Every structure is written in structure tokens, then in C-alpha cells.
Amino acid sequence: MGVEGMAIDAENKAKTSPKLTLLPLIALIFYDVSGGPFGVEGSVRAGGGPLLSLLGFLIFPLIWSIPEALITAELATSFPENGGYVIWISSAFGPFWGFQEGFWKWFSGVVDNALYPVLFLDYLKRSFPIFNQLIARIPALLGITVSLTYLNYRGLHIVGFSAVSLAVFSLCPFVVMSFLSIPRISPKQWLAVDFKKVEWRGYFNCMFWNLNYWDKASTLAGEVENPSKTFPKALFGALILVVSSYLIPLLAGTGALKSPSSEWSDGYFAEVGMLIGGVWLKWWIQAAAAMSNLGLFEAEMSGDAFQLLGMSEMGMLPSIFASRSKYGTPTISILCSATGVIFLSWMSFQEILEFLNFLYAIGMLLEFAAFIKLRIKKPELHRPYKVPLQTLGATLLCLPPAMLLVLVMCLASGQTFLVCSVVILLGFLLYPTLVHAKDRKWAKFVTDEPGLPSSTSLEVNSVLLQPHQEVADEASVSLLSDLSSTKLGQERGEVLVEGVVKDE
């Protein structure tokens, strides 16, 4: 298939699969990262009072969220295809490390997503105790997972607009609570801190978890309308929304009430709402929390599923993961992620939190390294959005968040080290297994089609299907090439997208 054929295929796909626009993308990024202030209450408790919590949500975005969002904006617009960070790492360090990045991020995403149906019921059980009983809880968990999985199947644009509605509903009660709290606020209460009660491991894990995953939406880049302009705007809008959704409710709750820090645990904002506004506000916040968890589930599953689709289109996974439904969604990839969610719902919140943070930290260190290496290795790469720093400045930009990542990893427990080591080893073994399966033709891969290279010393030129721009990057990415000696076949078919098609 030639360039013209690929352009036609992409055009047809665009007609049958509506693209994400700015507002739905902001909502999806918001739910990838945050979902509202639910879960930040623990930062007050772990911080020994309001001061460290408030300072954390002011300072951490500067040294962590903003650098990650800037790097994501540059790389997502340079490689506007499904697969996101898998493509970035593959381009910088080769397919082996690209596959490891994809496996770590997908695994951590599925574990993370197993948390949200559980939290949904945890909020409901405060008003409906029946959900404490397994006879009601298990069918409810399965029903929630199946229903939300079906919503993902129906189309990403539906998920995007659902996320917009959920975000509005989830944040409205906190706007009301903040206004009602104004007459009762005593600013000196924001300065309270008891360093003897500070739990540094819990504090840093809480801060990190509530401000990460800015790169998650990059796995949907191929589904975004005009990504070179939409992605930077969406990241900037989501950054403001996330930080505001944390700071404003915390300022209201800690400033208006004299509750000891020990009372600030998950779900405490519902009690704050009752003390400030009454029972009606408590119920509203509980409902908002439940709906927010649904939004978090939808955003996470979309990212996970389209990441598997992107890896399949690159030849890293069997082609069945790239199959799309009539709604343009990756059916098998969605089912695979949903199955993982169902089987992992037994884990506790703290286990999930620390485990996720450790795996995520490893992946982010690799992304920062890829960002710097691509600046050096491929200076000519077409970058519709570029962080306004030269190579040295870009390197310095990565240092503070990298140091934070190392700190979070050092604070992890021995159990987390052990479990993550097993996951990493599994990824190292899975890659050569898939290469062997591809060479033996045990499964069908994208590059197994007639006339295509059978395995993969395949190197693919980067092309972005925008037919009226010049090629800015002719660098190539090897997909599953390291362990194969199979000769190159005729070059045609599916192509990994990195640059732009030449204007004839």
C-alpha cells in the first residue's frame, strides 16, 4: 500500500470514527490525572495538618505536573498516533524498551482501574450499607465494570462527552461548599502543622498519585482532531482545572473547620460538606464522588485500550488487538483491559497506590530520557509544539521531577520492590516470546500480511498522515527487530507514524 492509499485509509477512518475535540480531551485528561478532590484528604492527615497539604498542591505542580505536561505536549504532537509513550521510547531507545514501557504502563493502568468500581461502592455504602455484604457487592462490581466497558465500546467521543458531564457534576458541590465556607474561614488555620504526626511516605505517595498521569492521554493522540493544536491547549486547560479542584476545596474545608488532621481520610469531604452546608450537601458530594470514580474508570480504560491498539499497529502485539468495532473502538483491547480489572479488584487502596507509583516512576524516568535523547538524536523531528528550551534547558527541566521520582521509589516498601521486580521480569520475558511467536507464525501480526516483512528487522520511516506538509523527520523506528534475523520483504502496508507526508 502506498502513501496515497494510507492517506485514503486514514481519511475513511476519520469519517467512521469521530475525533476528540478540545473540551472532551480536557475532561479526559482531567480524569486521567485527577477526577476532583476525592482522595486528597489523606494529604492533610499524612502532612500533620493543612500547611504541608496546601504547600504540596502549590509546589508539586511546579516541579512535577508542569514539566510532565510540557514534555507530553511536545512528544504527543510530534508522534500523533495511538500508542503514545510506547512510540516515543521506541524511537529513542528501540522496540525492546518501547515494549517494556508499554507493558509497565498498561499493567499499572489496569491495576489502577480496578480501584474505581470498589471506591464507587465504598462511597455508596455510607448511605446503603447493603454494599458491605459480598452477596450484593460482587454482582454490583461486575455490573459496574460491564456497563462502563460497554460505554467504552460504543465510542471514544461518547466517553469524552460523558467525561465532560461527569466533571461538571463532580465539581459543582465543591463550588457551592467553597462559597458557603467564606464567612467561616480563619486563614491562620491553614498554617497548622504538627511535624511529629507527618508520615512522609504517605504524604509523597498521596501527592504523587494525585498529580501524575499527564502522559496517559497521549495514547489517544491518533483519535484527536488536529492534535498539534488541540493537545497543548487541552493540557494547559486540564492543569488549571486539576490544581484548582484540589486547592479550593482544601482551602475551604481546612479554613472553615477546626477538625484535627487525624479525621482527614478518604471520603472526609462528605463530612466537611455536612458541617458547612448540611445533610443535602453531604449527599451531593457523595454522589459526585461516586460519579467521579466512573469518570476515572472511563478515562483510564480508554487510554489502556488504545495503547494496546497502538502497540498492535506497531507490530508489537498480535493484530487482533488492533481490530476495531463498528464504532471505531478496539474491541479486544477493551475486553483484555476489562478482564484485568475484574481479576485485580481484590487489592487494597494502599497496595494499589504504592505499586502504581513505583511502576509509573520507572516509566516516567524512561520518558524523560527519551525526551532528551530525541532532542539530541533527532533535532530535525517535526515538533508542532516545542518546549521553548534548548537541549541543556530541556535537561534541567527534567531534573526536579526525576529527583522526585527517585524519592518516591526509595520510599517504597520491600513488598512493592518485590512485586514490581516480578512485573519487570515478566516484561523482559514476554518480549522475546512475542518475537518468537511472530517468527514461527503462531499468531498473526500486522506485518505478517502478504508482501510485508515477516519479522522484524523491519525499520519504518516516520510519516504523519497530513498530506499538505513537508517531511520533517526521516528517522526510522525498528519494531521488534533486535531478536530476529529474518530478511526484509517488500516494504508496504501499515506504517508507524512519526513525521509528515511530503507534499507532492
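Q: Why is helix α12 called roughly antiparallel to helix α13?
A: The axes of α12 (residues 268-277) and α13 (residues 279-313) come within 6 Å and cross at roughly 155°. Axes are lines fitted to C-alpha atoms, for helices over the stretch in contact, and angles run from 0 to 180 degrees between N-to-C directions. Angles over 145 degrees count as roughly antiparallel, under 35 as roughly parallel, 65 to 115 as roughly perpendicular and the rest as oblique. The crossing angle therefore makes α12 roughly antiparallel to α13. This is a predicted model, in which local features need pLDDT of at least 70 and side-chain atom pairs count only at pLDDT 80 or more, while totals for chains, interfaces and linings use all residues. Residues are numbered from 1 along each chain as its sequence is written, and side-chain values use heavy atoms, with hydrogens and water left out.

Q: What makes the contact of α12 with α13?
A: On α12 the residues are F269, A270, E271, G273, M274 and G277, and on α13 they are V279, W280, L281, K282, I285 and Q286. Contact means heavy atoms within 4.5 Å. These residues divide into 7 nonpolar, 3 polar and 2 charged; Ala, Val, Leu, Ile, Met, Phe, Trp, Tyr, Cys and Pro count as nonpolar, Asp, Glu, Lys and Arg as charged, and the others, Gly among them, as polar.

Q: Why are α2 and α13 described as roughly perpendicular to each other?
A: The axes of α2 (residues 22-33) and α13 come within 8 Å and cross at roughly 105°. That angle falls in the range for roughly perpendicular, and α2 and α13 are therefore described in this way. The contact is made by L28, Y31 and D32 of α2 with S292, G295, L296, A299 and E300 of α13. Its residues divide into 4 nonpolar, 2 polar and 2 charged.

Q: What makes the pairing of the side chains of S259 and Y268 a polar contact?
A: S259 is found in the loop between α11 (227-256) and α12. Its side chain makes a polar contact with the side chain of Y268 at 2.7 Å. A polar contact is a pair of N or O atoms within 3.5 Å; within protein, one must be able to donate a hydrogen and the other to accept it, and residues adjacent in sequence count only if both atoms are side-chain atoms. Not counting residues up to four places away in sequence, S259 touches W264 and Y268.

Q: How many of the residues count as buried?
A: Of the 504 residues of the protein, 58% count as buried, that is, under 20% relative accessible area, against over 50% for exposed and in between for partly exposed (1.4 Å probe, protein chains only).

How values were computed. Helix = DSSP H or I, 4+ residues; strand = E, 2+ residues; numbered from the N terminus.
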